[in-house]
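Please open the model in your viewer and keep the side chains ready to display. This tour moves from one selection to the next and says what is found at each stop.

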Amino acid sequence: MAFGRARPRTNKIYDESALYDYAVWSLSRRMRTVAEIKRLMRNKVLKQPDGAELIERVVERLKDHGYLNDTSFAATYSSFRKENEKFGRRRVEQDLKIKGVHGDVIEKTLTATYADVDEVELARKFIARKRLKKPIDQKQTARIFRMLVRAGFSTRAIITILKTWEIEEETLSALEQETTEASPEEDSTEED
């Protein structure tokens, strides 16, 4: 085959067995949620009239065999993200939503995973993991602040850390206000 020429696509018709084999192969590469595996299979049976029915049957078989379980996926995923990548609860919650995990499963899993976590200490571990240094100006302070927000930490935890670095109160107030304006729901969740 010459470079630059596309390989012809075959319009393979999948039966339940072939679709199941494809799903198991996909799951053998990495854990996936029900929504992710359905999306992968949907791409394979897009033009088949019985595609939706095949997908549902295969998903049930995968669940029966213990290959597909959103609750165990969420627990493993959130534990990994907390322990290895030092991400905060909000980041993991957002990632699980994107992966199609149901809200109730996410809430139960994250409550269990982050139950005994000191958010400020976890944020410090994230800073150490990323080898961040004390900022020397407002621009670096803002960069670190935004990085910690993206990593899933609350404004309260971030401000606590920045105060230990003796950042000017004016800079902290400006960053806090910027975050409050960007996501007003954080205010209501932070007041204990």
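A residue is called buried here when its relative accessible area is under 20%, exposed when over 50%, and partly exposed in between. Bear in mind throughout that this is a predicted model; a search of the whole structure finds 12 salt bridges.

Begin by selecting Asp-95 and Arg-81, whose side chains meet in a salt bridge with an N to O distance of 2.5 Å. Because Asp-95 belongs to helix H5 (residues 89–98) and Arg-81 to helix H4 (residues 70–83), the pair ties together parts that are 14 residues apart in sequence. Colour by accessibility, and both Asp-95 and Arg-81 come out as buried.

Stay in helix H5 and select Lys-97 together with Glu-93, which lie four residues apart, about one turn of the helix. Their side chains also form a salt bridge, at 3.5 Å from N to O. Lys-97 counts as exposed at 52% relative accessibility, whereas Glu-93, at 23%, counts as partly exposed.

Next, select Arg-146 and Glu-178, a salt bridge in which the closest N and O atoms are 2.9 Å apart. Arg-146 sits in helix H8 (residues 138–150) and Glu-178 in helix H10 (residues 169–182), so this pair ties together parts that are 32 residues apart in sequence. Both partners are partly exposed, Arg-146 with a relative accessible area of 36% and Glu-178 at 33%.

For the last stop, select Glu-16, Glu-53, Arg-57 and Arg-61, which are linked in a network of salt bridges.

Note on methods: Residues are numbered from 1 along each chain as its sequence is written. This is a predicted model: local features need pLDDT of at least 70, side-chain atom pairs count only at pLDDT 80 or more; totals for chains, interfaces and linings use all residues. Side-chain values use heavy atoms; hydrogens and water are left out. A salt bridge is a side-chain nitrogen of Lys or Arg within 4 Å of a carboxyl oxygen of Asp or Glu. Helices (H or I, at least four residues) and strands (E, at least two) are DSSP runs, numbered from the N terminus. Buried means under 20% relative accessible area, exposed over 50%, partly exposed in between (1.4 Å probe, protein chains only).
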